[in-house]
Amino acid sequence: MEKERLYKIDEREARRPFTVPEGYFDNLTQNIMASLPEQESLYSTKIIVTPWMRIRPYLYAAAAFAGIFFCIKAAVGISTRNNAEIAQTEETTIYSDEYIDSFLETAMIDDYTLYYTLVDAN
Amino acid sequence: MLREDDFSRRRAFEAIVRNFSEQLYWQIRHMVLSHDDANDILQNTFIKAWTNLDSFMGYSRISTWLYRIAVNETLTFLNKQKSNLPLETDDEGELSLADQLESDPYFDGDQTERQLQEAIATLPEKQRMVFNMKYFNEMKYEEISEVLGTSVGALKASFHIAVKKIEEYFNKID
């Protein structure tokens with residue numbers, strides 16, 4: 001029986017038992033629009049370019065170049081120092097012309113073999 | 001148009017408010033019952049939509065997006081209201097709702113309609129939401145599904161259970 005009663009409610013147009021103040025919906029859009037905050041949109045915000053923003057990319061580029069320059073300089077410096085150290089520690093054997101002449105006379109060898117002979121002798 | 005300059009955005013948004021404010025108002029009103037509360041929640045819904053307009057990517061319909069915001073705002077309000085209420089027995093709660101509706105100048109329902117509102121108020125929030133959307137706002141299950149993110153099958157079950165509970169409520173009071 002009660003099911004029938006609810007069914008009747010369900011069957012007829014679901015009437016809203018609520019009302020609103022007079023003219024509420026007439027002014028609703030206006031009232032809502034008035035309550036909206038100002039919006040800083042991504043699409044309309046004007047970006048103010050300061051002098052710092054202008055020179056910043058150049059400064060970054062200069063800093064990057066300076067960094068690269070110092071890196072190269074440091075690497076070359078190390079390499080030069082190593083060569084100088086090697087030069088100081090390594091001894092070069094000097095052969096006299098007489099030694100070479102007498103060697104050539106007694107040994108029948110070509111230039112290639114001569115080079116290796118001198119290197120091995122060192 | 002929503003992505004153009006501020007003036008155009010406002011004009012476009014105004015058209016949206018004009019189109020959807022009334023149906024959103026009724027959805028909120030059926031949940032919170034009081035006109036003043038519904039009005040506040042509706043304002044908050046549109047303020048939130050306006051301030052987050054850039055996050056609306058257009059993957060869903062704008063009405064679905066607005067409904068979602070309204071549902072969230074309403075649930076937040078109801079939870080806040082619940083936490084602010086002093087502890088009451090169920091009887092007192094029912095009486096307070098009946099009194100609230102009786103004294104509300106913007107409620108013009110008869111006794112059965114008041115009892116129906118009382119019965120709806122006993123439902124869990126989600127069921128109440130589904131029942132109101134379906135029964136009063138005559139939304140399709142597919143639309144409700146998009147708004148609440150629940151499957152159509154689950155919504156049908158939810159509505160069916162809600163109707164049954166309301167029937168039981170009427171059975172009890174007679």
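This is a short tour of a predicted two-chain model, stop by stop, for you to follow in your viewer.

**Before you start**

Residues are counted from 1 along each chain as its sequence is written, and chains are lettered from A, with ligands numbered from 1, in the order in which they are written. Because the model is predicted, local features need pLDDT of at least 70 and side-chain atom pairs count only at pLDDT 80 or more, while totals for chains, interfaces and linings use all residues.

**Stop 1: colour by confidence**

Colour both chains by pLDDT (the predictor's confidence in each residue, from 0 to 100). Chain A has a mean of 75, with 65% of its residues at 70 or more. Within chain A, helix H1 (residues 2-11) has the lowest mean, 51, and H2(A) the highest, 94. Chain B averages 87, and 90% of its residues score at least 70. Its lowest helix is H4 (residues 90-103), at a mean of 66, and its highest is H2(B), at 95. For the complex, the predictor gives an ipTM of 0.81 and a pTM of 0.65.

**Stop 2: switch to cartoon**

Helices here are DSSP runs of H or I with at least four residues, strands are runs of E with at least two, and both are numbered from the N terminus. Chain A has 5 helices and 0 strands, and chain B has 8 helices and 0 strands.

Now compare burial. A residue is buried if 20 or more other C-beta atoms lie within 10 Å of its own, exposed if 12 or fewer, and partly exposed in between, with C-beta atoms placed from the backbone. By that count, 4% of the 122 residues of chain A are buried; for the 174 residues of chain B the figure is 28%.

**Stop 3: the largest nonpolar core**

Nonpolar side chains tend to be buried together in soluble globular proteins. A nonpolar core is a set of buried Ala, Val, Leu, Ile, Met, Phe, Trp, Tyr and Cys residues joined through C-beta atoms within 7 Å. Select B:Leu24, B:Ile28, B:Leu42, B:Leu66, B:Ala70, B:Val130 and B:Ile144: of the 34 residues in the largest core, these touch the most other members. Helices supplying at least two residues each include H2 (24-35) of chain A and, from chain B, H1 (6-32), H3 (62-84) and H8 (152-173). H1(B) gives the most, with 7 residues. At least three residues come from each of domain 1 (1-85) and domain 2 (88-174) of chain B; these bounds come from an automatic or database domain assignment.

Stay on B:Ile28 for a moment. Leaving out residues up to four places away in sequence, B:Ile28 touches B:Ala38, B:Ile41, B:Leu42, B:Ala70 and B:Thr74. Such a contact means that two C-beta atoms, placed from the backbone, lie within 7 Å.

**Stop 4: helix H2 of chain B**

Which residues of H2(B) are buried? Select B:Ala38, B:Asn39, B:Ile41, B:Leu42, B:Thr45, B:Phe46 and B:Ala49. They lie on the same side of H2(B), because they cover an arc of only 170° around the axis; the arc is that of the directions from the helix axis to the C-beta atoms. What covers these buried residues includes H2 of chain A, together with H1 and H3 of chain B.

**Stop 5: helix H5 of chain B**

Next, pick out B:Gln115, B:Leu116, B:Ala119 and B:Ile120, which are buried in H5(B). Their arc is only 140° around the axis, so they sit on the same side of H5(B).

**Stop 6: B:Met133**

Move to helix H6 of chain B, where you will find B:Met133. It is buried because it has 24 C-beta neighbours inside 10 Å. Neighbours within four places in sequence aside, B:Met133 contacts B:Gln27, B:Met139 and B:Ile144.

**Stop 7**

Is each one buried or exposed? B:Leu33 counts as buried because it has 20 C-beta neighbours inside 10 Å, whereas B:Glu138, with 10, counts as exposed.
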